[in-house]
Amino acid sequence: MNLTDEEQKIIQKAIKTWGNQAQLLMVLEEMSELQKEILKNINRHQQNMEAIVDETADVLIMIEQLQHIYQIKDAVRARIPQKLKKIQNRLGE
Ligand SMILES: [Mg+2]
């Protein structure tokens with residue numbers, strides 16, 4: 001995700017203020033909230049696109065923090081082409 005410098009500062013301040021462990025647990029909490037909204041959408045046919053947008057944004061913000069905490073942003077970015085290549089292969093392309 002491309003964040004502005006100001007947005008990056010907020011990410012860093014959140015980690016500094018609340019600590020690595022709390023923020024890593026928040027990654028799990030936000031992922032679980034998104035899972036719940038996806039399940040509501042599919043299983044219960046709920047019209048919850050607003051909640052899905054909301055929870056997706058939360059997850060992306062927490063993934064940013066995860067990458068910052070573990071200092072893996074460049075490594076993750078570098079892994080993506082390989083992962084996409086695998087998918088492309090499975091698609092028979
Ligand atoms: Mg949330």
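**View 1. Ile38 is partly exposed in this predicted model, with 15 C-beta neighbours inside 10 Å.** The model is a predicted one. Ile38 sits in helix α2. A residue counts as buried at 20 or more such neighbours and as exposed at 12 or fewer, so the 15 of Ile38 place this residue in between. The view also takes in Glu55, 17 residues from Ile38 along the chain. The C-alpha atoms of Ile38 and Glu55 are 9.7 Å apart.

**View 2. His45 lies in the loop between α2 and α3.** His45 is not a glycine, yet its phi is positive, at about 50°. His45 counts as exposed because it has 8 C-beta neighbours inside 10 Å.

**View 3. Gln71 lies in the loop between α3 and α4.** Gln71 is a residue other than glycine with a positive phi, near 55°. Its C-beta neighbours inside 10 Å number 8, so Gln71 counts as exposed.

**View 4. Helices α1 and α3 pack with their axes 10 Å apart.** Helix α1 covers residues 5–18. The angle between α1 and α3 is about 65°. The two helices are therefore roughly perpendicular to each other. Their crossing is right-handed. From α1, the contact is made by Ile11, Gln12, Ala14 and Ile15. From α3, Glu64, Gln65, His68 and Ile69 take part.

**View 5. Helix α4 spans residues 73–90.** The helix has 18 residues. From first C-alpha to last, α4 reaches 26 Å. That is close to the 26 Å expected at 1.5 Å a residue. Helix α4 is hardly covered: the count of buried residues in it is zero.

**View 6. Helix α4 bends at Ile80.** The bend is about 30°. A proline, Pro81, follows within four residues.

**View 7. Gly92 follows helix α4.** The phi of Gly92 is positive, near 75°.

Terms used. Residues numbered from 1 in each chain as written. Predicted model: local features only at pLDDT ≥ 70, side-chain atom pairs only at ≥ 80, totals over all residues. Expected span 1.5 Å × (residues − 1). Bend = angle between axes of the 7 residues up to and from the residue. Axes fitted to C-alpha atoms, helices over the stretch in contact; angles between N-to-C directions. Parallel < 35°, antiparallel > 145°, perpendicular 65-115°, else oblique. Left-handed = near helix turned anticlockwise from the far one by under 90°. Contact = placed C-beta atoms within 7 Å.
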